Amino acid sequence: KLRKLLYLIYTGRFEKDYFKKTTSEEIQSSVKGRIQSKENNKKKKELDYAKVFFESFDFGELQSLLFEKRWTEVEEEAVDNFLKDNKKLSLLSDEEIRNFIISIKPKSDWERFFEDKGVSEDIAETIDEISKLRNKVAHNKEFNKSQHTRMNELLEKTEKEIDEAIII
């Protein structure tokens, strides 16, 4: 469901080029390496990537994409436009410059695109905890009843929030 939400948000904003505009070259290479495309045509292969890109993410890549703070082309463009529109920065007030700087500080994609979707503010910590508990199971580590109960609580809460966000 999280992947579905990502797909809806990113394709709604960036259409089929969403993965080129939102992910680093490293993540793109890593994920594309896992996608099995039978196409030799470059355009058709890119379309295959767009269809299944989020399905091929590992949990760490999802967390990095959503929660690492970084600058994007959007902020770069904002700086260029600000400097083009304001040839003499000395004519601007201290407050105007401060407000602009605050507006372009690095943000996570979660802050940019998902915060207004009704998901709890502690989603990064929740997903991290789910990841750690999931890894215990995946790597055949000790996993007791209280951890199982906690995992169920986290999954139920997160699933409900993601369902609501998908509706939005």
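Q: What relative accessible area does Asp-122 have, and how do I read the value?
A: Buried means under 20% relative accessible area, exposed over 50%, and partly exposed in between (1.4 Å probe, protein chains only). Asp-122 has 36%, so Asp-122 is partly exposed. This is a predicted model: local features need pLDDT of at least 70, side-chain atom pairs count only at pLDDT 80 or more, and totals for chains, interfaces and linings use all residues. Residues are numbered from 1 along each chain as its sequence is written, and side-chain values use heavy atoms, leaving out hydrogens and water.

Q: Which residue meets Asp-122 in a salt bridge?
A: Side chains of opposite charge can pair when their charged atoms come close. Here, Lys-157 is the partner of Asp-122, at 3.5 Å from N to O (the rule: a side-chain nitrogen of Lys or Arg within 4 Å of a carboxyl oxygen of Asp or Glu). Lys-157 is partly exposed because its relative accessibility is 32%.

Q: How many salt bridges are there, and which residues are linked in a network?
A: The count is 13. Arg-70, Glu-75, Asp-109 and Arg-112 are linked in a network. Within it, Glu-75 and Arg-112 have their closest N and O atoms 3.2 Å apart, and both residues are buried.

Q: What geometry does the aromatic pair of Tyr-10 and Phe-113 have?
A: A pair of aromatic rings is described by the distance of the centres and the angle of the planes. Pairs have centres within 6.5 Å; planes under 30 degrees apart are stacked, over 60 edge-to-face, the rest tilted. The structure holds 6 such pairs. Tyr-10 and Phe-113 are edge-to-face, with 5.6 Å between centres and 75° between planes. Tyr-10 and Phe-113 are both buried.
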